[in-house]
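This report walks through one protein chain, from its overall dimensions to a few individual residues. Please keep the sequence and the three-dimensional view at hand while reading.

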Amino acid sequence: MSSISDTDLTRLATLHATSLDGSLFARLGTRLLERYYRFVVDSEDEALLLERDDSGGIRGAAVLSFAPLSLTGRFVGAHVVGFGIAMLRGMLTDGAVRGLLFHYARERLKGVHATIDDGTPEVLQIYIDPTRRGGGIGSKLMRRAERVAYARGARSMAVRTEAEDNEPVLRFYDRGGYRRRGESVFCGVRYIGFVKDRENLAVDLEKTDQE
């Protein structure tokens, strides 16, 4: 996706904040999220995938990164002042932000920020309008991400999701041909990593084309 309207940025930021309300970026506010999605759209290393309804509204979105380990650092480096202001405001006014940062600092000291591996393309965010879940939107977004990764020659594609109280999503990836690979902890939340290799990407994409 090469362009996006200001209205779409606002919708995306609001939907992200609503759907991923426990994440650090969501707690730091929609203005920062708008900057984040503008950065993603302009980046050669990321792809923003949207599912829209008939009126053009955004039903769901996903961010696929071909350099997932550096995305946050690249974004913060490009928006040092804006990120710093949002972070300071969050630390002063939001106990949840302080808690997330406490966990993050402790995890850094313990070295538990495990990664899936060597820069495998990864879906870093995927979310759906809470009022429209159950309609196959998540599957469509994942297939589109897989198609982009495959077209760019990726050997595999990764995604991770919360490990606790998340059985439906875990089963979704298990059924979708993903293999569980490792765990990580970020801001106090435990995640399970999933990876699908290129051969299985090709098989599933072919099935989709025949449907």
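## Terms and basis

A residue is called buried when its relative accessible area is under 20%, exposed when that area is over 50%, and partly exposed in between, with a 1.4 Å probe and protein chains only. Helices (H or I, at least four residues) and strands (E, at least two) are DSSP runs numbered from the N terminus.

The model is predicted, with local features requiring a pLDDT of at least 70 and side-chain atom pairs counting only at pLDDT 80 or more, while totals for chains, interfaces and linings use all residues. Residues are numbered from 1 along each chain as its sequence is written, and side-chain values use heavy atoms, with hydrogens and water left out.

## Overall dimensions

The protein chain contains nine helices and six strands, and its C-alpha atoms fill a box of roughly 55 × 45 × 30 Å along the principal axes. The radius of gyration, taken over C-alpha atoms, is 17 Å, which agrees with the value near 17 Å for a compact globule of 211 residues (the rule being 2.2 Å times the number of residues to the power 0.38).

Of the 211 residues, 42% count as buried. Contacts (heavy atoms within 4.5 Å) with a separation of 6 or more come, for 67% of them, from residues 24 or more positions apart. The accessible surface, from the Shrake-Rupley method with a 1.4 Å probe, comes to about 11,300 Å², and 51% of this belongs to carbon and sulfur atoms.

## The sheet and its helices

Six strands form an open sheet in the order 1-2-3-4-6-5, with mixed pairing; two strands are taken to pair if DSSP finds at least two bridges between them. Strand 1 (46-52) and strand 5 (179-186) are the edge strands, each pairing on one side only. Neighbouring strands are turned by 25° against each other on average, direction ignored. Strand 3 (residues 122-128) and strand 4 (residues 156-162) pair in the parallel sense over two bridges, and Val123 has Val159 of strand 4 as its bridge partner.

Although strand 1 is an edge strand, six of its seven residues are buried, so the rest of the structure largely encloses it. Seven bridges join strand 1 to strand 2 in the antiparallel sense, with Glu46 standing opposite Ser65. The two strands form a hairpin with five residues between them, and Gly56 in the turn has a positive phi of about 95°.

Arg59 is found in strand 2, and a polar atom of its side chain lies 3.3 Å from the backbone oxygen of Arg52. With residues up to four places away in sequence not counted, the contacts of Phe66 include Asp45, Glu46, Pro121 and Val148.

Notes: Axes are lines fitted to C-alpha atoms, for helices over the stretch in contact, and angles run from 0 to 180 degrees between N-to-C directions. A polar contact is a pair of N or O atoms within 3.5 Å; within protein, one must be able to donate a hydrogen and the other to accept it, and residues adjacent in sequence count only if both atoms are side-chain atoms.
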